[in-house]
Amino acid sequence: MSKSVISILGSTGSIGCNTLKVVKFLGNYRVAALAAGRNMELFARQVAEFQPEMVSCDDEYCAEELLQRLHSMNASIPKIELGEKGLVEVATMAEAETVVSATVGAVGFVPTLRALEAGKRVALANKETLVMAGDLMTKAARENNAEILPVDSEHNALHQCLRGESAQEVRRLILTASGGPFREKSKSEIENATREQALDHPTWNMGDKITIDSATLMNKGLEVIEAHCLFGFDADAIGVVVHPQSVVHSMVEFVDGSIIAQLGVTDMKHAIQYALTFPKRQKNCLPPLDFREISKLTFEEPDMDKFPCLALAYKALREGGTMPATLNAANEITVRAFLDGKIKLSDIPRFNARVMDNAEKVPASSLEAVLDADRSAREAAQTLLRSEQVSAAQNSLAQG
Ligand code: MG
């Protein structure tokens with residue numbers, strides 16, 4: 001049997017590493033191309049093991065380090081590409097049937113779009129690309145006979161619950177949220193949370209950006225927008241319920257009141273494998289869900305007052321156009337600022353809201369319009385951050 005051929009954008013991240021584990025377990029896959037950012041130690045080991053023909057990394061310094069490491073391992077040397085051009089080369093490599101899009105943030109946007117235009121199946125973990133320009137992405141998929149298979153666990157669950165169902169018979173989609181590390185904390189505790197507290201996610205082990213997004217519920221907000229883009233339901237037909245055990249990965253409620261849920265262990269390998277092997281299901285490397293270990297499943301309403309980022313995402317979705325791209329870009333900047341110790345956790349929604357308030361609403365009808373909104377929002381967020389730092393410094397001078 002001939003092997004299925006895949007490329008991975010973001011191979012050294014959490015989804016990328018898990019994809020390689022799935023590929024290794026399944027056995028009948030060949031990795032044709034890999035792209036990573038700057039972690040060349042791990043990347044060199046991946047390249048040596050999976051022997052792709054083409055790889056891409058951030059810049060020539062990374063490429064130099066990669067070459068040295070590969071030489072010292074006596075590994076074969078692939079074609080090496082750089083930067084966004086390299087990501088696009090990896091995303092559109094002719095032989096690859098499936099592209100796993102697992103870079104973090106807006107950097108994956110253009111390469112993912114190009115993969116869809118090239119007619120690939122895209123196993124999509126990078127939700128920001130859909131949030132930025134869901135219409136452009138789904139249009140590219142339709143016009144080029146490409147497919148988007150969601151790797152995000154909630155959307156993967158929804159995809160499974162919707163199999164064989166008619167959209168007219170759906171009342172609403174119900175996304176589950178773990179609630180993050182601050183579910184039971186007060187507003188002031190959230191305001192003063194440290195980086196370490198925010199990075200300590202109770203059920204999922206993920207990268208820094210998405211873990212902070214989970215702590216603010218921005219992640220769930222982005223996922224509401226993502227669900228709209230993938231499945232075509234509007235904001236009123238997409239609900240969120242907090243389910244701290246993360247056993248139910250999401251649910252679909254039908255017009256007759258029936259609810260179909262997808263349950264499973266909390267391991268991204270499950271969703272990754274589903275996206276690779278769909279429409280087939282195959283045995284995976286995970287233990288089955290053990291009901292004896294689940295003492296209870298609980299559900300509660302999300303608190304939009306404690307977690308204003310979720311409300312902001314609904315607002316951006318209802319406003320439409322480039323507003324989701326604006327929110328996404330502002331959020332990338334504010335999360336980075338929080339991780340760098342420059343702002344408090346509660347500043348993230350505050351700055352995001354101000355960037356949205358000041359942004360011009362434009363139809364997201366072209367790549368340029370989306371990239372423009374993205375760029376303007378980043379600049380606006382940076383400007384707000386700088387002006388706040390200047391006034392904070394002036395205050396402390398005045399007090400000192
Ligand atoms: Mg998710």
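Start by selecting Tyr274 and Phe278: both residues are buried. You are looking at a predicted model, so keep that in mind as you click along.

Stay with these two rings for a moment. A pair of aromatic rings is described by the distance of the centres and the angle of the planes. Here the centres of Tyr274 and Phe278 lie 5.7 Å apart, with 45° between the planes, and the pair is tilted.

Next, select Arg350 and Phe351. Arg350 lies over the face of the Phe351 ring, 4.9 Å from the ring centre.

Now show the magnesium ion. Which residues are its protein donors? They are Asp152 (OD), Glu154 (OE) and Glu223 (OE), at 2.1 to 2.2 Å from the ion. Along the chain, the donors follow the spacing D-x1-E-x68-E. Colour two helices to see how distant parts of the chain are linked: Glu154 belongs to helix α7 (residues 153–161) and Glu223 to helix α11 (residues 218–231), 69 residues apart. Are Glu154 and Glu223 buried or exposed? Both are buried.

Finally, zoom out and colour by domain. The domain assignment gives domain 1 (4–150), domain 2 (153–265 + 272–319) and domain 3 (321–400). The centres of domain 1 and domain 2, taken over C-alpha atoms, are 25 Å apart. Where these two domains meet, 24 residues of domain 1 are in contact with 28 residues of domain 2. About 2100 Å² is buried between domain 1 and domain 2, and carbon and sulfur atoms give 70% of that area.

Technical notes. Residues are numbered from 1 along each chain as its sequence is written. This is a predicted model: local features need pLDDT of at least 70, side-chain atom pairs count only at pLDDT 80 or more; totals for chains, interfaces and linings use all residues. Side-chain values use heavy atoms; hydrogens and water are left out. Rings of Phe, Tyr and Trp (its six-membered ring) pair if their centres lie within 6.5 Å; planes under 30 degrees apart count as stacked, over 60 as edge-to-face and the rest as tilted. Buried means under 20% relative accessible area, exposed over 50%, partly exposed in between (1.4 Å probe, protein chains only). A charge sits over a ring if NZ of Lys or CZ of Arg is within 6 Å of the ring centre and within 35 degrees of the ring normal. Donors are N, O and S atoms within 2.8 Å of the metal (3.2 Å for Na, K and Ca); water is not among the atoms, so sites may look incomplete. Helices (H or I, at least four residues) and strands (E, at least two) are DSSP runs, numbered from the N terminus. Domain bounds come from an automatic or database domain assignment. Contact means heavy atoms within 4.5 Å. Buried area is the accessible area (1.4 Å probe) that two parts lose on being put together, summed over both.
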